[in-house]
Amino acid sequence: MRSSEAIIVWGSLLVVVAAMFATVYWPVINIRDEPSDIWRPLQSQEEKGRLIYIANGCTYCHSQYIRPQDWGIGAERISQSGDYYRQIPHLLGSQRTGPDLSQEGGEHSDDWHRAHFINPRFTRPRSLMPAFAYIGEEGIESLIAYIQSLGGKDADQRMAVQNRFHEEAIAAWERGPDEHIRWLHSRVPQPWRIMPSETPATRASVARGEKVYQDYCIGCHGPVGDGAGPAAPYIYPPPVNFTTLRRHLIDGQYIGGILYYQIMNGITGTAMPYHKKDLESAKIWDVGNYIMVNFINVRDDRIPSAGIPVSYEGRHAKPVTKNPQPEPIQPGKGGVR
Ligand code: HEC
Ligand code: HEC
């Protein structure tokens, strides 16, 4: 076929119409204007929070939709059109400087969000998110209500779990520090309680652990591990004071496994976040070693590692001697049962 003006004009038109059909009309025909299985209407405080979210440009850094290729917070559920039923304007966003928030509800406790909104560096020391303290107390409470609603009915279910454990945690805390630690440890399954640290507390391991601690934990547990980081005033029950843990741990239990379990899973219902999506297991053992050697002043790495030998650490592989003789655990002395 020879090219002519008519063919060019009609041909181009055809391409444009086909493209419009595929990208505009086809989706419009297929989008069902009905709520999805997790959708629920927003309550008035949540709606107020949504307006604050819009006014403060949260959408410039946070999306609210999960695509099939996504991986990260909330990626277990791919977004459906019905999730945005009656959302005008919708807050899909096109930029992910921060994580997607479509399933954020119930990921953290309210007090984690409170400290985080006042200054994100309090709970995430390396965060670049701006501080929103200027929104004021009432505004922050509305924002928290909105964020905890993200994920609809799924978020409500997660919040119910958060609230149940929150009450338990507060009740335990108010029964006194010893009872509180006992409650905390009652959440650790037996196999983890008798698991020694898998990674020897070498100088290199403790140095790596210090870096992890500074990047993730220092805002709450504080530079000296006493639980008095800058987030502490906004958090209840407060961050654990590691320096008092020693008396609770010496009873034939291994600290490494307990710390590992708590750091990996967090303490649901409190501000203590889970780290299983942020930290590889080697980093969790390292930060546990750092806490043990520097704050609790014990070591429990008597059993040689079954993992890859740490010989690559070379001359740094000798045990740390910073603290005067950290003691191995003595089975059968006081503490938690
Ligand atoms: C300049 C970009 C930016 C802006 C603007 C911003 N954020 Fe963030 N946000 C981030 C980054 C980066 C993170 C990840 C680090 C952290 O947790 O602070 C984050 C994390 C979060 C998290 C925690 C997610 C999780 O579970 O780990 C929430 C909730 C959140 N932002 C809400 C908001 C809200 C609400 C606003 C508006 C009031 C907002 N953000 C504005 C960048 C931003
Ligand atoms: C947003 C604040 C916050 C951050 C960040 C945080 N924690 Fe916690 N952590 C807490 C709170 C609060 C508790 C106590 C919960 C309770 O009292 O019920 C806790 C409890 C713990 C416990 C349980 C202690 C025990 O004996 O069972 C460990 C271990 C722990 N945190 C380690 C860490 C480590 C390691 C990091 C960093 C990787 C970290 N935490 C980050 C707030 C935080």
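A: A nonpolar patch is made of residues with over 30% relative accessible area and no salt bridge, whose nonpolar side chains are joined within 5 Å. In this predicted model, such a patch on the surface is formed by Val16, Met20, Phe21, Val24, Tyr25, Trp26, Val28 and Ile29. Together these residues have about 790 Å² of accessible area. One of them, valine 16, is found in helix α1, which covers residues 5-30. Valine 16 has a relative accessible area of 48% and is therefore partly exposed.

Histidine 62 counts as buried because its relative accessibility is 11%, under the limit of 20%. Methionine 129 counts as buried as well, at 15% relative accessibility.

The iron atom of ligand 2 also has a histidine and a methionine as protein donors: His221 (NE2) and Met272 (SD), which lie 2.0 to 2.1 Å from the iron. The angles subtended by the 6 donor atoms around this iron atom of ligand 2 are 87 to 179°, which makes this arrangement octahedral. Here the pair links distant parts of the chain, 51 residues apart. Histidine 221 belongs to helix α10 (residues 218-221), and methionine 272 to the loop between α12 (255-265) and α13 (281-296). Histidine 221 is buried, with a relative accessible area of 10%. Methionine 272, by contrast, has a relative accessible area of 24% and is partly exposed, because buried means under 20% and exposed over 50%.

The cysteines remain. A disulfide is a covalent bond between the sulfur atoms of two cysteines. With a cut-off of 2.5 Å between the sulfur atoms, the count for this model is 0 disulfides. Cysteine 58 counts as buried, at 13% relative accessibility. Cysteine 217 is buried too, with a relative accessible area of 13%.

Note on methods:
Residues numbered from 1 in each chain as written. Chains lettered and ligands numbered in written order. Predicted model: local features only at pLDDT ≥ 70, side-chain atom pairs only at ≥ 80, totals over all residues. Heavy atoms only, no water. Buried < 20%, exposed > 50% of the residue type's maximum accessible area, 1.4 Å probe, protein only. Donors = N, O, S within 2.8 Å, 3.2 Å for Na, K, Ca; no water. Tetrahedral: all angles 85-135°; square planar, octahedral: opposite > 155°, others 65-115°. Helix = DSSP H or I, 4+ residues; strand = E, 2+ residues; numbered from the N terminus. Patch = residues over 30% accessible without salt bridge, like charges linked within 9 Å, V, L, I, M, F, W, Y side chains within 5 Å. Areas by Shrake-Rupley, 256 points an atom, 1.4 Å probe, with all protein chains shown as cover. Salt bridge = Lys/Arg side-chain N within 4 Å of Asp/Glu carboxyl O.
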